[in-house]
Amino acid sequence: MMELIKSCDRGHADHGWLKSFHSFSFAEYYNPRRMGFGPLRVINEDRIAPGTGFGTHGHRDMEIISYVLDGELAHKDSMGNGQAGGAELGKHSGVIKPGDVQRMSAGTGVMHSEFNNAQGQNTHFLQIWIQPNQLGVKPGYEQRHYSEADKRGRLALVASGDAAEGAVAIHADARLYAGLFDGSESAELPLAAGRLAYVHQVRGQAVVNGQLLKAGDALQMKEQASVKIEQGEGAELLVFDLAP
């Protein structure tokens, strides 16, 4: 079974400083058919105006991944990341730039904020929430950069439950891949029996399992042997391999 979800069918919110598209029900957007897919719960495509952002707020028992496309995102949290003097304590600077994958495990509870401190440039990023397979874990943070070469013509594993291939580690039965495709470049990801797959077309367009996806489109799959990507045109994709 495959279901194509068009970009125009996503939820949309325009708060002035924030313009957001919701792939699944979120905040004031509610669609009973779009409550998540397997453990994948949220994909928000956000654009934040300069000098604005999300003030300090809390999360718990959720794996949260930020994937920056343009601009930069300044992250600060109650674990010490992005705080003054945090580097001396082995914490991250909290600045997330294009190519970076940031993972925050909310676990027992964490407070954080996210701002666009760049002058004259919007920050464009994807906010992804994945439901954990362990509740009440110690909150954690991890950040890794993936160059264009890492993703060119292939699916690079960027987040997984076992931290394979140096991917950021999540407390979930899920694997997240990112890839860039143009022209004759192609890739095929085998899927184990019973697994779910979800493909989000980030930019450009590509043919996935015979379906043409354009920016913002998604393909939701069950009972497929693999995910096959080809005929990319400026294509950037995220592929989720998910527990049912």
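In which loop is the place of Arg195? Select Arg195 and you will find it in the loop between β16 (187–190) and β17 (196–208), where helices (H or I, at least four residues) and strands (E, at least two) are DSSP runs, numbered from the N terminus. Before going further, note that this is a predicted model, in which local features need pLDDT of at least 70 and side-chain atom pairs count only at pLDDT 80 or more, while totals for chains, interfaces and linings use all residues. Residues are numbered from 1 along each chain as its sequence is written, and side-chain values use heavy atoms, with hydrogens and water left out.

**Arg195 and its surroundings**

Arg195 counts as buried because its relative accessibility is 14%, where buried means under 20% relative accessible area, exposed over 50%, and partly exposed in between (1.4 Å probe, protein chains only). Now display Leu242 as well: its backbone oxygen is reached by the side chain of Arg195 at 3.4 Å. Leaving aside neighbours within four places in sequence, the residues in contact with Arg195 (heavy atoms within 4.5 Å) are Asp173, Ala174, Glu223, Asp241, Leu242 and Ala243.

**The four-stranded open sheet**

Next, select the open sheet of four strands, whose order is β5-β10-β7-β8 with antiparallel pairing; two strands pair if DSSP finds at least two bridges between them. Its edge strands are β5 and β8 (95–96), each of which pairs on one side only. Strands of a sheet pair through backbone hydrogen bonds, either parallel or antiparallel. Within this sheet, strand β7 (residues 73–77) and β10 are joined in the antiparallel sense over four bridges, and Ala74 has Phe115 as its bridge partner in β10.

Stay on strand β10 (residues 110–115) and pick His112, which lies in it. Is His112 buried or exposed? His112 is buried, because its relative accessible area is 2%. Its side chain makes a polar contact with the side chain of His59 (3.2 Å); a polar contact is a pair of N or O atoms within 3.5 Å, and within protein one must be able to donate a hydrogen and the other to accept it, with residues adjacent in sequence counting only if both atoms are side-chain atoms. Apart from neighbours within four places in sequence, His112 is in contact with Gly55, Thr56, His57, His59, His75, Lys76, Asp77 and Met104.

Moving to strand β8, select Ile96, which has its place there and counts as buried at 0% relative accessibility. Neighbours within four places in sequence aside, the contacts of Ile96 include Ser66, Val68, Leu73, His75 and Tyr141.

Strand β6 (residues 63–70) is mostly covered, with seven of its eight residues buried. Five bridges join β6 to strand β9 (residues 100–105) in an antiparallel run, and here Tyr67 stands opposite Val101. With β11, strand β6 pairs over seven bridges, again in the antiparallel sense, and Ile64 stands opposite Trp129. Val68 itself is buried, with a relative accessible area of 3%, and its contacts, leaving aside neighbours within four places in sequence, include Leu73, Ile96, Lys97, His124 and Phe125.

**Pocket and cavity**

On a 1 Å grid over the protein atoms alone, a cavity is a set of points where a 1.4 Å probe fits but cannot get out, and a pocket is an open set with protein on both sides within 12 Å along at least five of seven lines; lining residues have an atom within 4 Å of a point. The largest pocket has a volume of about 260 Å³, a volume being the space filled by probe spheres set on the points, which are joined across faces, edges and corners. Its lining has 18 residues, of which His15, Leu18, His22, Phe26 and Ala27 lie nearest its centre. Strands β2 (11–14), β3 (18–22), β4 (40–48), β5 (53–59) and β11 (123–130) each supply at least two residues of that lining.

One cavity of 30 Å³ or more is counted, and the largest cavity holds about 30 Å³ of space. To display its lining, select Ile5, Arg10, Ser23, Arg34, Tyr198, Gly216 and Ala218.
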